[in-house]
Amino acid sequence: MIKITQAPTKAIPALRKFSITGVASSDHASKNLTLSVDNQLKMTGPVVDRNGSWRLDLLFQQPGNHHLKIGIDDESVNFNIQVLGNQPKHATAAVNVPIAPPPPGKLPSKEGVTPTLEQLVKQAYEKGASDLHLGVGKVPCLRLRGYMRATQYPETDEKTFWGWLQEVLNPEEIQRFKDTMDFDGSAEYKFSRVRINVFNTIKGPAMVLRLIPLKILTIDNLNLPPVLKEICYQDKGLVLITGPTGSGKSTTLAAMIDYLNDLPKHIITIEDPIEFVHQNRQAVIDQRQVGNHTLMFENGLKACLREDPDVILIGELRDRNTVNTAIKAAQTGHLVFATLHTNSAVKTMERILSLYNPDEQNAVRIQTSETLIAVIAQSLVETTDGKRTAVHEILVNTETVKDLIKRGEIGEIELLIPECTIDGMCSMNQSLYKLYEEGQITEETALSTSPNSNEMTRMLKGVIR
């Protein structure tokens, strides 16, 4: 999709600059427009910015009626403009189109110029990328709104890559990567934090940097369901935020911790690595990173039970030992937040039970039913304005849900969720349909994202709500 949002409505005198502005779909972000004048003169235009907006600044030297064709990929939009002045016979139109300067942070592609890692991260930040991908033998790439986009830099050689690593890792950390062939860490710039994962590939070492905003968005900023605030007021219990990698779990968790920051609580986080950094307000927040502040995840989690916490944030429930400690913490009067890589409330329960032997699962079901507060499963979908927003399935552990978990009737929970909106629950389809009604997503997005497309089709047709 490409369209014009503002353009001259009257004739323009020759040699006077004017502008045409417009928007394009999110998958066109960071791409160059093309411009054709009178079906003859063709040139490259400016880059579509990270919000999908673009602007052409034009100046015609010759008067007459001129036809412009503005395109990107296989899509285009047409515009006619009348230029005033004395036009000599057989004159041909000439147009000066000042090409927009490179986006902020983008370096000139001169031979021999190598960007620093900070400059690459800044470019990614200013384009609105979520991740920066770097590796020996690869062109640096950005992930923009879920899609991979190559930059204009050449393939990275080994010397350049190790130079980038030295910008963010100390010699001991680099040696640790060489010894183990994997490394997790983080770094902070003036404009953004980054989570760093370094690994080896068939071509050589590579790394992915996840960009993390310095400013923590609130529950209201993110337009998250109001029930999340009610969950934060619970004194004890287990809250699980679930979803695939890159679904915004960390952002939602950070917003909930930020909400708790206005309460007189002691909050301890055990993260690998630390992503969002919280500044104390009413709460006292102690953040610990595995490898830097505690040697092992399990050690830090067990130790925090002796550190007088009110709230504990666990980066991820990795195994049965972590689950055991999280349940124990919830049972002993702590509010525990944790994440899992599951797509729904039912799959979350099944995942927890799968960590245990069959003869242990009944006891775990009882423990989970007594400690669970809610499961918030989320995913990200593309909106009509080219951005992304979260959709949720929310399970609240009511007495009915508690009874179903104890009896092992996990599958029945999926049928119960859509009927309990008064308790703050919602199914993924209900969340998608709400966004569709508000005009935030298209019908195609609702259907492609839905875990139950047949039900979604009936909802869109008004057969069910």
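The chain folds into 14 helices and 22 strands. What you see here is a predicted model, so please read each view with that in mind.

**Figure 1. The whole chain, to get our bearings.** The C-alpha trace spans about 95 × 60 × 45 Å along its principal axes. Of the 465 residues, 48% are buried. Among contacts with a separation of 6 or more, 57% join residues 24 or more positions apart. The accessible surface comes to about 23,100 Å², and carbon and sulfur atoms supply 47% of that area. Side chains with charge number 50 positive and 55 negative, with 7 Å between the centres of the two sets.

**Figure 2. The buried face of helix α3.** Helix α3 covers residues 171-180, and its buried residues are E173, I174 and F177. Looking down the helix axis, these buried residues fall within an arc of 100 degrees, so they line one face of α3. Their cover includes the helix α2 (158-168) along with the strands β13 (182-188), β14 (192-201) and β15 (204-213).

Figure 3. After the helix comes M181, which has a positive phi, near 70 degrees.

Key
Residues numbered from 1 in each chain as written. Predicted model: local features only at pLDDT ≥ 70, side-chain atom pairs only at ≥ 80, totals over all residues. Heavy atoms only, no water. Buried < 20%, exposed > 50% of the residue type's maximum accessible area, 1.4 Å probe, protein only. Helix = DSSP H or I, 4+ residues; strand = E, 2+ residues; numbered from the N terminus. Arc of directions from axis to C-beta. Contact = heavy atoms within 4.5 Å. Areas by Shrake-Rupley, 256 points an atom, 1.4 Å probe, with all protein chains shown as cover. Lys, Arg positive; Asp, Glu negative; His and termini not counted. Charge placed at Lys NZ, Arg CZ, Asp CG, Glu CD.
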